Each structure stands twice: as C-alpha cells, then as structure tokens.
Amino acid sequence: MAFSSDNSFSRPTCAQIDLAALRHNLRRCRELVSGTGIRLLAVVKANAYGHGAVPIAQELARFGVDCFGISLVEEGVELRQAGIQGDIVVLGGAWSDDDEIVANALTPLVFSRDQLVRLDAAAARAGSVVRVHLKLDTGMSRIGITLAELPDFLTALSAARRVHVEGLASHLANSECLEHPQNAEQLALFRQARAVLKAAGHDPRWCHIANSGALLQLGEARDGADFNLVRPGIMLYGEAPSLELSEVSGLRAVLSWRTSITHLKTIEEGQPVSYGGRWTAPRRSRIATLPVGYADGYNRRFGNVAEVLIRGQRAPVVGTVCMDMCMVDVTRIDGVSLRDEAVLLGCQGEQEITARELAERIGTISYEILTSVGARVPRVVVDSDESQTPRSRDE
Ligand SMILES: *Cc1c(COP(=O)(O)O)cnc(C)c1O
C-alpha cells in the first residue's frame with residue numbers, strides 16, 4: 001500500500017486503518033463461534049483501541065455487527081451521533097451520566113444499588129426504561145457485584161422498576177492462559193450467580209465473560225448455552241492477547257503507522273545523536289530524521305531499542321526519541337533518500353513490525369502500544385480490498 005499523499009495534513013505522519021484487515025479479523029471471530037448462535041459484541045472502547053471508534057464501528061455495522069462495547073458514556077454518545085444503532089454496552093460502568101445513558105439508549109453495566117436508584121430515576125424523568133447488564137465480580141476484584149452481595153442487590157433491583165436486566169456479565173483475569181486455575185473458578189462463580197438470579201425470577205438474555213483470549217481458546221466460556229455472547233476487542237484489531245495465541249490466531253493488523261524521512265545526513269564516527277548523547281556513531285553513519293516523537297505516542301523508551309522499516313529493511317532507532325522527532329540509522333540500507341517512507345508499525349515489503357514486537361521491546365502489551373498512538377496522528381482509512389468498498393458514482 002503506497003503512502004497516500006492527498007491528505008490535508010502537512011506532516012507525513014499518519015496511522016492507516018485498513019478496513020479489509022478489520023473485516024478479515026471479524027470473519028475470524030465469527031468462525032470461532034460459527035453454528036452456535038452466539039452474538040458478537042465488538043469492543044470499540046478507547047477510540048477503538050486507538051483506531052478511530054466511528055469508522056471502525058461503521059464498518060463493523062455494515063458487516064452485520066449490532067452490538068458494541070465502550071468504556072465511557074461519552075464514547076457511546078459519539079457512536080450514536082455517528083448513526084450507530086443497535087446495542088451499545090458501557091463496559092466501564094457509569095457514575096453520573098444517567099440522563100445521557102437514557103437519552104442515548106446506552107446499556108450500562110451495573111453493580112451497585114446506587115446505580116440502580118439513579119438509573120431508575122433517570123428513566124422516570126425521561127418517561128422510558130433503561131436496559132442494563134449486571135456486572136459480576138468473579139475474580140478480577142475490579143468492578144462488579146460478588147456472589148455474597150447479590151441477594152441485597154436483587155432486593156434493590158426489584159425496587160428499580162424501570163431498570164430492565166438484559167444481560168449478565170463478568171470478566172476473566174487470565175483468559176490468555178488456558179491452564180490457569182482461576183478460569184474454572186470464575187466460570188463456576190458465574191454459573192452460581194446465574195442460578196441465584198434465576199431463582200429470583202431473572203433470566204438475562206445475554207450471558208457473557210469471553211474477551212479475545214477466551215474466544216480464541218476457552219470453549220467453555222463461549223459454549224452457546226451458559227454463555228451466548230462474546231466480547232472480542234484486541235482480536236478485531238489484528239493482535240492476539242498473548243504470544244502463544246498470536247501463532248494460531250490468523251489475524252491481520254489493522255493499523256499501520258507511517259511517516260517519511262524529512263532529513264538525511266552523514267555523521268562522522270564518534271558523533272553523538274540526540275539528547276544526552278545516548279547513542280554515538282560507531283563508524284561514519286547515515287542518519288535519517290523522522291517527524292514523529294513521544295508526543296505522538298512513539299514511546300521515549302524506543303530510543304536505542306526499536307526498529308523502523310525503510311526500503312523494506314530494518315533501521316534501528318538511535319539515540320533518545322524526542323517530543324516530535326526521532327532518528328534512525330540507515331547506514332546499512334542502500335539508496336535511502338529524502339521522503340522515503342518509514343514504517344513504525346505495520347508492513348513494508350517482506351517485513352512487518354507488529355504492536356507485539358514494539359510492546360516486547362519496552363516491557364508492555366500490544367494493547368498499550370495501539371492505544372498510545374496519539375490524537376495528533378491523523379487516522380487515514382484505507383481499504384486494501386477495494387472490491388468490498390461501495391463504488392462512488394463517478395467511478
Ligand atoms: C476491553 C474489554 C474486553 C475486550 O478485551 P480483549 O482482550 O481486547 O478482547 C472485553 N470485555 C471487557 C469488560 C473489557 O473491558
């Protein structure tokens with residue numbers, strides 16, 4: 001895919017979002033639950049893991065996804081304003097935006113009596129109802145009602161007449177690790193809680209606990225019987241939740257982060273590069289400057305650690321990454337010239353730099369790499385399989 005030059009931003013740094021890769025990953029998610037009738041909730045929180053929530057949700061909706069997961073009420077409002085219909089589940093829980101929730105027909109996860117009271121009141125003010133999923137804490141110790149708290153919660157629920165329980169949800173702490181004993185414990189607690197709900201006359205339509213890790217490998221968490229909805233996030237964006245799973249997942253990266261060389265120079269042996277002289281040329285060297293830095297989310301710890309792709313080859317990032325720029329050593333790459341494309345994340349020629357690779361270089365996870373791509377980096381939506389794009393009239 002060539003770097004597109006017809007964009008309105010002046011700096012040649014952008015994140016390309018490939019809708020064909022997104023559709024490919026959606027197909028992979030669906031294959032894993034095919035024939036089970038399981039519903040897919042596409043997690044598009046945190047600006048769709050940095051990819052751009054609106055174009056991602058619109059493309060998924062165009063291919064039949066009718067349920068989305070976000071963290072914040074304002075993320076749900078953004079999707080509604082962009083015309084997204086269907087269910088939008090507020091996975092992060094909501095604290096004070098009850099009227100917004102009701103007005104935008106969002107589906108919050110609830111796990112406190114206080115939320116029930118406030119949502120019930122908001123629904124009454126609007127003359128409507130609010131649909132919710134109950135959030136259970138089965139072992140994350142983050143948000144959610146515990147089994148012990150459930151009876152009290154159900155008492156409060158019966159008083160909240162405008163609150164309709166449509167789902168029961170929990171979250172796994174170790175889904176990427178198949179053998180972890182906590183998985184079985186969490187599933188068992190979920191089933192117990194569901195039995196308590198049933199005995200109290202509640203039979204939530206959607207029961208769910210599976211994120212990408214569980215969707216990929218934990219069949220019990222997506223059996224179509226106890227669990228009839230799955231919530232993949234990272235998979236949709238083309239990364240597996242763990243190294244072992246990345247080998248089997250067959251996913252394609254959706255985001256590629258591209259820029260081009262804005263300055264090129266030869267420096268002599270012994271010449272230091274960038275702040276603090278943390279890299280010194282071991283020989284006469286060709287140094288390329290790239291217009292991207294830590295203010296764009298290109299982590300400062302990538303200095304002397306990460307590589308970029310130029311002319312299909314790997315060039316090491318040398319010296320400290322600056323706020324708006326970084327330098328790479330292109331001495332070993334023939335024919336490098338000004339304005340050559342540099343790929344920070346993604347494919348070029350035969351080479352690929354994955355979010356996982358960057359994550360491992362600085363001791364984090366691919367989720368953090370993707371969600372760190374800064375707001376200052378324009379997202380450019382492309383489609384590497386144009387046959388799937390509705391043709392515009394003048395074509
Ligand atoms: C983020 C999130 C997911 C998606 O997790 P992935 O590992 O990205 O698939 C699912 N459920 C909840 C509650 C989440 O917060």
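**Exercise 1.** Find how far a backbone N or O atom of glycine 233 lies from an oxygen atom of the ligand.

*Solution.* Start at the backbone of glycine 233: one of its N or O atoms is 2.8 Å from a ligand oxygen. A polar contact is a pair of N or O atoms within 3.5 Å; within protein, one must be able to donate a hydrogen and the other to accept it, and residues adjacent in sequence count only if both atoms are side-chain atoms. Next, turn to side chains: a polar atom of lysine 45 lies 2.6 Å from an oxygen atom of the ligand, and for tyrosine 367 a side-chain N or O atom is 2.6 Å from a ligand oxygen.

Before going on, keep in mind that this is a predicted model, where local features need pLDDT of at least 70, side-chain atom pairs count only at pLDDT 80 or more, and totals for chains, interfaces and linings use all residues. Residues are numbered from 1 along each chain as its sequence is written, and side-chain values use heavy atoms, with hydrogens and water left out.

**Exercise 2.** Work out which residue partners arginine 62 in a salt bridge, and where the two sit.

*Solution.* Apply the rule first: a side-chain nitrogen of Lys or Arg within 4 Å of a carboxyl oxygen of Asp or Glu. Arginine 62 pairs with glutamate 59, with the closest N and O atoms 3.1 Å apart. Both belong to helix 3 (residues 53–62), and because they are 3 residues apart there, about one helical turn separates them. The rule gives 28 salt bridges.

Note on methods:
Helices (H or I, at least four residues) and strands (E, at least two) are DSSP runs, numbered from the N terminus.
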